[in-house]
Amino acid sequence: MSQMITIELNGQQQPLPPGSTVNDLLAIVGSDGKSVAVLVNDRIIRPESRALHQLQEGNRVELLIFAGGG
Amino acid sequence: MDVLQLGSYTFSSRLILGTGKFSNSRVMLEAVRASGAQLVTVALRRFNRQQAEDDLFGPLSSIEGITLMPNTSGASTAKEAIRAAHIARELSGSAFIKVEIHPNPQHLMPDPIETFEAARILAKEGFLVMPYIAADPVLAKRLEEVGCASVMPLGSAIGSGQGLAMSEMLNIIIRESGIPVIVDAGLRSPSEAAHAMEMGCEAVLVNSAVAAAGNPPEMAEAFAEAVAAGRKAFRAGLMQKSGSAVATSPLTSFLGTF
């Protein structure tokens, strides 16, 4: 098996199999099926691009949701 | 029909509800339903796999007639608020953005300079900008001039329950404003919401007063009734105040006094 890559997910190190897409990441962390905004290196990745967008070693990924707020 | 107009959107409810500080999502959703609010605020937060149930988009979207108004809380500069607005629009699909920039967590007072700058840029980008501001008539006018959909001055500090402490300034803002004035923050009781509406506010935004009530859904309903009553009173036109008593019954021709 090829070596894992490491990305930064919401400020924490996250190992991933090489070639993982944004959708793969969402499934791994359990946020698939939720309304999540995804940023890779500060760029918004829209839902229609997530199945094809492959994550690279060292990518900074932010997953954001709507929580309670006034 | 008397509706709240914000950009191209119209709302029959003039109560905007915040979704923070509720004991749990179930109570919050019950309160939203009970309030009849059609515009509801949410905050942008990092997804946490340990608290996956925090995601409110699904549950709120399932309530009919709700439009989400994300806020930019957490931002302490215009740049951060603009970034948050872009991400929030991606999630909400709504053009509404509550610009909220407070650099000091001790008093949570909004930064007028950063707020103005963020509002100016976001309005130009087509957002319906709803800036949370101190009760400053000059800033309110400047925000109107750069294309904000409303101004949202505070009644008093966020979550303080000090009511309409800024009512003198609010009166000036309302008198001068060509866009809806919405009191945001500080309200504690439905009577204060009614008072704000009688003064001529177009809507009120309430969060803590409902979330921290003994029975949040019941309080949400009470606020809805108070807002509707205050609006009706404003439209009906309040009587003039007088410095002395003015009799309501005839004072002559009474029994043996003629």
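Visitor: How many residues are in the largest nonpolar core, and which have the most contacts inside it?
Guide: In this predicted model, the largest nonpolar core has 69 residues, and Leu60(B), Val129(B) and Val204(B) have the most contacts inside it. A nonpolar core here is a set of buried Ala, Val, Leu, Ile, Met, Phe, Trp, Tyr and Cys residues joined through side-chain atoms within 4.5 Å. Buried means under 20% relative accessible area, exposed over 50%, and partly exposed in between, with a 1.4 Å probe and protein chains only.

Visitor: Which helix gives the largest share of this core?
Guide: Helix 3 of chain B, residues 78-92, with eight residues. Helices (H or I, at least four residues) and strands (E, at least two) are DSSP runs, numbered from the N terminus.

Visitor: What does Leu60(B) touch?
Guide: Leaving out residues up to four places away in sequence, Leu60(B) touches Thr19(B), Met28(B), Leu29(B), Val32(B), Val40(B), Val42(B), Ile66(B) and Leu68(B). Contact means heavy atoms within 4.5 Å.

Visitor: Which residues are in the second core?
Guide: That separate core has 17 residues, including Leu16(A), Val29(A), Leu63(A) and Phe47(B).

Visitor: Back to Val204(B): buried or exposed?
Guide: Val204(B) counts as buried because its relative accessibility is 0%. Val204(B) lies in strand 10 of chain B, residues 203-206. Among the residues that Val204(B) touches are Arg14(B), Ile182(B), Leu187(B), Met197(B) and Val227(B).

Visitor: Which residue stands opposite Val204(B)?
Guide: Leu15(B) does. Three bridges join strand 3 of chain B to strand 10 of chain B, and the two run parallel. Two strands pair if DSSP finds at least two bridges between them.

Visitor: What about the faces of strand 3 of chain B?
Guide: Both are covered: Leu15(B) and Leu17(B) are buried on one side, Ile16(B) and Gly18(B) on the other. In a regular strand the side chains alternate between the two faces of the sheet. Strand 3 of chain B is also joined to strand 4 of chain B by three bridges, again parallel, and Leu17(B) has Val40(B) as its bridge partner there.

Visitor: Which strands form the open sheet, and in what order?
Guide: Three strands of chain B, in the order 6-7-8, with parallel pairing. Strand 6 (96-99) and strand 8 (152-153) of chain B are at the edges with a single partner strand each, so one side of each has no neighbour in the sheet. Four bridges join strand 6 to strand 7 (residues 128-133) of chain B, and one of the pairs is Phe96(B) with Leu128(B).

Visitor: New topic. How many residues of chain B are in contact with chain A?
Guide: 29 residues of chain B contact 24 of chain A. The two chains bury about 2,400 Å² between them, 61% of it on carbon and sulfur atoms. That area is the accessible area (1.4 Å probe) that two parts lose on being put together, summed over both.

Visitor: How many salt bridges are there across the interface?
Guide: Three, by the rule used: a side-chain nitrogen of Lys or Arg within 4 Å of a carboxyl oxygen of Asp or Glu. One of them pairs Arg46(A) with Glu90(B), with the closest N and O atoms 2.7 Å apart. The largest share of the side of chain B that touches chain A, seven residues, comes from helix 3 of chain B.

Visitor: What are the ground rules for these values?
Guide: Residues are numbered from 1 along each chain as its sequence is written, and chains are lettered from A in the order in which they are written. Local features need pLDDT of at least 70, side-chain atom pairs count only at pLDDT 80 or more, totals for chains, interfaces and linings use all residues, and side-chain values use heavy atoms, without hydrogens and water.
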